[in-house]
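Hi,

Here's the structure I said I'd pass along. Have a look, and then read on for what turned up.

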Amino acid sequence: MNNRRIAQLAILMASACLPGQASAMVFKPEKGAMWDPSVLWHDGKYLGEKFKPGQGLVLEGKIKARTLASGGTNRPTAGFVVGENDGQAMAVQLGIGQPDGRETHIGRLATGPDGTHTFTSEDVTGKGCATVTGIEDGKEHAFRLLCRMEMLELYMDDLLVQTYIHAPGSGKVGFLVCNAQAGFSDQRAWSMSFAEAKTDKTLVSWVTLANTTQQGGSALTLQNGMTFDGIVFGEMEPGKWMAGSDYFLRSQRDQQANAAEKADVKALVQMAIVYQDDRISLYRNGGLYVSYAANNIDLLKDKDNLAVFGLRHQGAENGRTLLGSIEDARIYNRALTADEIRKLEPNKKSAVTPYAWWTFEPGQETDRMGRFPVNSLGNGVKIEDGRLVLGVEGAALIASARPVEVRPNPGAGTPVTAANPPLNYHAEGMYHWDTWFLPLGDSVHMYHLQVKRPGSQRPDADHEAVGHAVSKDLIHWQEQSVALRKGPPGSYDDGCLFTAYAVEHEGTIYLYYCSNHQENGRGRQGICLATSKDSGRTYEKCAGNPIIEPDPKRYYAISEPPPPFGHHAHPHIDCRDLAIVKDPAGNGWLGYVVMRRKGQQDAFHSACIALCRSKDLVRWEIGDPVCTPNRFNCFEVPDVFKLGDKWYMIALTGDGYGQTQRWSDPEITCATVVFEADRPEGPFEEVKAGARTFKPVGDGLFSSELRFVPPEGERLYGMGENAVNAPNKVNLKGCMIDLFQRHMKAVVPFVVSSAGYGFLWNNPSLGKVEFGNNKTRWMSNGCKQLDYFITAGDSYADIMENYADATGHAPEFPYWASGFWQCKLRYENQEQFLNVAREFKRRNLPLSVLVIDFLHWDITGNWRLDPKCWPDPKAMVKEMDEMGYRIMISPWTLVDEKSENFAYMKEHGLFTGSISGKMDTVDFIGPKYQYDPTNPEAAKFLWSKWRQILMCRWTRRAPINWNCTFPKPRIMASSASNSTTAPRARRSTFSHPSCNPRCFSSSSP
């Protein structure tokens, strides 16, 4: 989600006509304007009402757009803005152009104080990912935008283009135009009704601060998952209180007018935050501190909430703690009035009963209301004299319903040992990524790319810079002055700086880096140089920068609209990541640079490493490619060295570009590949392994791989649903497919070849398969032996028949199920469900099955309908039967600890788990346990429960059908010992997008 966020629906207002009323708006930016602020937001009313919390919006109409000849630095787009609030919003940009050049981007739109707008892309739909990826120049398209709960869906010409989890905002939706003229017509809007969540609450804490210069700690935070609200001090503005929230979604953006805290370090300060409807109000010592509009969320409905003291939230990245002590803290499940807040006294009961209350008195250290009975204390936390004392950075107390792991913090004066390693190095107020090192004398110099954290007090010039630190033992680091900053606007390195390399020669440090620059909407990269003659204290950029740029005769030198390859993440042409070695022949230096080679039929996989030569480390001559895999879109950070009598190159590779292609899993799109050569000038060829390899990974398991050379021109079909790894692919040649289940990924590890064979990979573990043009690789992360099945036939039908003979035949599809099935997300009660069926009957519409989807139960794992919502199932079944309709219930196979079936299933080992015996959990409204579908006893138990409910309680005829539906969250094993248990059911196969790669076989009762 760099991450997709899950948040409550923004309150939306649509600039739209009444249903059926047509109008047209034509938007054209002023000359030279990047965006047109006058038309960016169109907030109006629909039928005189604002959209209320919990409601959704459907906005539809027609759009026709043309690019402007003047162009500009940004690509021509039109689209939509959702949830604008304090200058921040989600935006969908629909690229305008011819079919091959269009992309749809979704991301965040920020409005600066001067009215300028900045768009940051978070997700991309490029060529081949959707039938409609933008707007064809001059062609009219129909659009439909759905904003429901926290989900945004966009349809163009009745085809889904984007689905995205978005953040809350102020309740606005608008149209967006950039470098284009766009006409919107026939606009219509409808509101969608949802059950309104109760969001009101109040947080109160009496706190003494150790100092007023600290930043980012919390006096009380209420948290669920990674969503939280808290009383935070000094995070965005030094010395000022604020309502902290996940990614500042409900935080006040402009806090300049807020009063700074001036209380004495011994003074007790009462801070209260009231969350009511669409407003957040802060009170200090009973007086109003600040109040502002916000879209509040419900954090009280879940029993797995956490209360956090010290840290902003559990898992806070920089580990800052509110240093001081807390006398009393409370949570109220309603909004207190100002008068009620003023009457509160620490350690005394209030007229309003708290939802939770901590006084930290002896014998009452935990929540006195019993909702958070467990206190988990981290290092540096203690309770003494009736107060919670927070003494060191990173310390926290986490109150919960059951024990929670608190990340340890060494604290001041803690000895540095192997058992208690330090944080090592972190530049205050910065994010870090790519890092490289230079040994120099008795020290090691570390350089790293860095960018400012939100709210950091670092100078703006440190944003997108190369940081610098020095160490003598690789443990204790001393931050130095920033080594390099990006150049002024219009210069060759005014874009974000990329990975670099450092060399010392004859007293001079040569620091190379990748520059990025845009000219007239076209991107270019180059290798630049800065030198230091004072041991790294200061650096001077070379006057001849960039010193290395692609030779346009052999390499792509500048981006071309549209780019000649599916380069979705950046508009740049690759020329970066220089690695340097001394020429063993004594002829100076050899450099290895990432570039893109011309003259290939498959330009998407044109990434290569070019060889460069230099005599003085300043002037470089570009040579031919030295490593050309011809199968990677992304080729990065090469390193070259000699080992024995061979030269080796290690590089990061992948078909995804960096980690911006969200339709692929960023954890598995890339790989590190080793190449070898007889000499440093190459050519470097990929190191080949044997046909079968086994590497021990612990617990008696092996990381295993099977390779073979496929027939030339082979086509491959199968592998189940793989919209994540192989979007719109029928022939799987050229695909890398992950062997695990998740939403939009239902792997069936069986493939049929045009060469006349079928291949089944029968290894129940995480892994991958690569269907390369020159090799096929099946990989298992942890198994005891390789198990695969090969069958041949004269036709595809013969192969499939052999496969079914081996794995089991599906039962004949019943006639009653061959008609229309009606399902939605979701029918919440019996009357709603029956009303839909009655309407089908009244209109005489054909219907075979009506589906009761998830959350129909009282507790997950109690396989029954919640009697509060489904009071008379027998009558419901009878009425449906009389109408001639069947019911299908989706029971889900997760089990909550509070379920009546949990104890029995745990005792008899009916859950999935690791070899070490730890049971797997799935985060679905709190931790849940997954039944083991490879265990016949587990399948038998579930079917006995379902049959008992169907046959005994409701009806003897049982016109109800259970669909063994599984939830869709991803489960990834962090190590071999965390792999799921080995299968015990011989006839089960990968057949459903479940958490476990196996489920019921076709012969299940």
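How exposed is Glu 340, going by its relative accessible area? The model is predicted, and in it Glu 340 has a relative accessible area of 23%, so it counts as partly exposed. Its side chain meets that of Arg 334 in a salt bridge, 2.7 Å from N to O. Arg 334 is partly exposed too, at 31%.

Two others worth a look:

- Arg 707 and Glu 705 form a salt bridge with their closest N and O atoms 2.5 Å apart, and both residues are buried.
- Asp 866 and Lys 868 also meet through their side chains, at 3.4 Å from N to O. Here Asp 866 is buried at 8%, whereas Lys 868 is exposed at 70%.

There is also a network: Lys 201, Asp 229, Asp 246 and Arg 250 are joined by salt bridges that share partners.

Now for His 448, which sits in strand S28 (residues 443-452). Its relative accessibility is 0%, so it counts as buried. Beyond its neighbours within four places in sequence, its contacts include Tyr 425, Trp 433, Trp 436 and His 468.

Last, the sheet. Three strands make an open, antiparallel sheet in the order S56-S58-S57. S56 (894-895) and S57 (921-923) are the edge strands with a single partner each, so one side of each has no neighbour in the sheet. Two bridges join S56 to S58 (residues 927-930), and Leu 894 has Gln 930 in S58 as its bridge partner.

Cheers

How values were computed: Residues numbered from 1 in each chain as written. Predicted model: local features only at pLDDT ≥ 70, side-chain atom pairs only at ≥ 80, totals over all residues. Heavy atoms only, no water. Helix = DSSP H or I, 4+ residues; strand = E, 2+ residues; numbered from the N terminus. Buried < 20%, exposed > 50% of the residue type's maximum accessible area, 1.4 Å probe, protein only. Contact = heavy atoms within 4.5 Å. Pairing = 2+ DSSP bridges. Salt bridge = Lys/Arg side-chain N within 4 Å of Asp/Glu carboxyl O.
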